[in-house]
Amino acid sequence: GEKIVNANKRTVAVILDAGTGIDPAREVLGKPLFLYARESATAAGCGVIAPRRETWFRRLSDALRALKLERPGTTVLLLPADAPLLSAASLRKAIALHKKRNADCTVIAGGKDAGDCDLFSAEVALFRASALSGRTVRSSPSLERLVRRIAEAGGKVATAHPRSPEELLRVDDIRTLAVASNAIRCRILQEKMAAGVVVIDP
């Protein structure tokens, strides 16, 4: 079974383990990696669906199976556990765009001039729940194939962009872990200084 947090929301988020070798439970500045994605989704107004005994889904197929009972009009956000920089503001913007365009799928891609390559290689996407109902779609082995199959079936696919391309950074090795840690540290310092805290040598 699955557990649902804030189940009354019309947008639900599913946190996925990308299988890149970095444990989603690994701590970044004292907080588990997956928790950054989860907190951003919650702050953006999403309910969160998770397996009963875990905090994230290890396989896309398991996540899609868990979504079968969602109402057709529900918006589903598939979010990787290793993307700690994606902000709630960017997610809110993407969700609003997805609904405004009445899209079957909205991919959150990096650059404003993102083409098909970015569209189908993106790792963060929103879906209309009804677009995930087909057996062929549910058997997709990856998010890339999932988006392609929806497009090939005539579904409407849109593109949204984060506030900054760095938000789509994936933590898949020690180097990107260090980059993400520095970016999160800078955000914390900026928030403190914006609140009037004096930071010496920020």
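In which strand does Thr 75 lie? Select Thr 75 in this predicted model: the residue belongs to strand S6. With a relative accessibility of 4%, Thr 75 falls below the 20% limit and therefore counts as buried. Display its surroundings next. Beyond its neighbours within four places in sequence, Thr 75 is in contact with Arg 10, Thr 11, Val 12, His 98, Lys 99, Leu 126 and Phe 127.

**Along strand S6**

Remain on the strand and select Leu 77, which also lies in S6. Leu 77 has a relative accessibility of 1% and so counts as buried. Residues up to four places away in sequence aside, Leu 77 touches Val 12, Ala 13, Val 14, Ala 41, Cys 46, Leu 91, Val 124, Ala 125 and Leu 126. A distance label may then be drawn from Leu 77 to Thr 106: the two C-alpha atoms are 9.3 Å apart, although 29 residues separate them in sequence.

**The largest nonpolar core**

Select Phe 127, one of the contacts of Thr 75. Residues up to four places away in sequence are again left out; Phe 127 touches Thr 74, Thr 75, Val 76, Leu 78, His 98, Asp 104, Cys 105, Leu 132, Leu 143, Leu 146, Val 147 and Ile 150.

Which residues touch the most other members of the largest nonpolar core? They are Val 14, Leu 67, Leu 78, Phe 127, Leu 132, Leu 146 and Ile 150, in a core of 25 residues. Colour the contributing elements next: strand S2 (11-16), helix H2 (60-66), strand S6 (75-80), strand S7 (105-108), strand S8 (125-128) and helix H6 (143-152) each give two or more residues to this core. Apart from it lies another core, of 21 residues, which includes Cys 46, Leu 79, Ala 88 and Ala 160. In soluble globular proteins, nonpolar side chains tend to be buried together.

**Helix H6**

Show helix H6 with its side chains. The buried residues of H6 are Leu 143, Leu 146, Val 147 and Ile 150. These residues cover an arc of only 95° around the axis, and therefore lie on the same side of H6. Phe 127 touches each of Leu 143, Leu 146, Val 147 and Ile 150. After H6 comes Gly 154, with a positive phi near 90°.

**Two loop residues with positive phi**

Most residues other than glycine have a negative phi. Select Leu 29, in the loop between strand S3 (27-28) and strand S4 (31-32). Leu 29 is not a glycine, yet has a positive phi of about 55°. Its relative accessible area is 40%, so Leu 29 is partly exposed.

A relative accessible area of 48% makes Asn 102 partly exposed.

**The largest pocket**

Finish at the largest pocket, whose volume is about 350 Å³. Which of its lining residues are the closest to its centre? Select Tyr 36, Pro 84, Ile 184, Arg 187 and Glu 191, out of 15 lining residues. Helix H1 (33-43) and helix H7 (174-194) each supply at least two residues of the lining. H7 gives the most, with 5 residues. Coloured by class, the lining shows 7 nonpolar, 3 polar and 5 charged residues.

Note on methods
Residues are numbered from 1 along each chain as its sequence is written. This is a predicted model: local features need pLDDT of at least 70, side-chain atom pairs count only at pLDDT 80 or more; totals for chains, interfaces and linings use all residues. Side-chain values use heavy atoms; hydrogens and water are left out. A nonpolar core is a set of buried Ala, Val, Leu, Ile, Met, Phe, Trp, Tyr and Cys residues joined through side-chain atoms within 4.5 Å. Buried means under 20% relative accessible area, exposed over 50%, partly exposed in between (1.4 Å probe, protein chains only). Helices (H or I, at least four residues) and strands (E, at least two) are DSSP runs, numbered from the N terminus. Contact means heavy atoms within 4.5 Å. The arc is that of the directions from the helix axis to the C-beta atoms. On a 1 Å grid over the protein atoms alone, a cavity is a set of points where a 1.4 Å probe fits but cannot get out, and a pocket is an open set with protein on both sides within 12 Å along at least five of seven lines; lining residues have an atom within 4 Å of a point. Grid points are joined across faces, edges and corners, and a volume is the space filled by probe spheres set on the points. Ala, Val, Leu, Ile, Met, Phe, Trp, Tyr, Cys and Pro count as nonpolar, Asp, Glu, Lys and Arg as charged, and the others, Gly among them, as polar.
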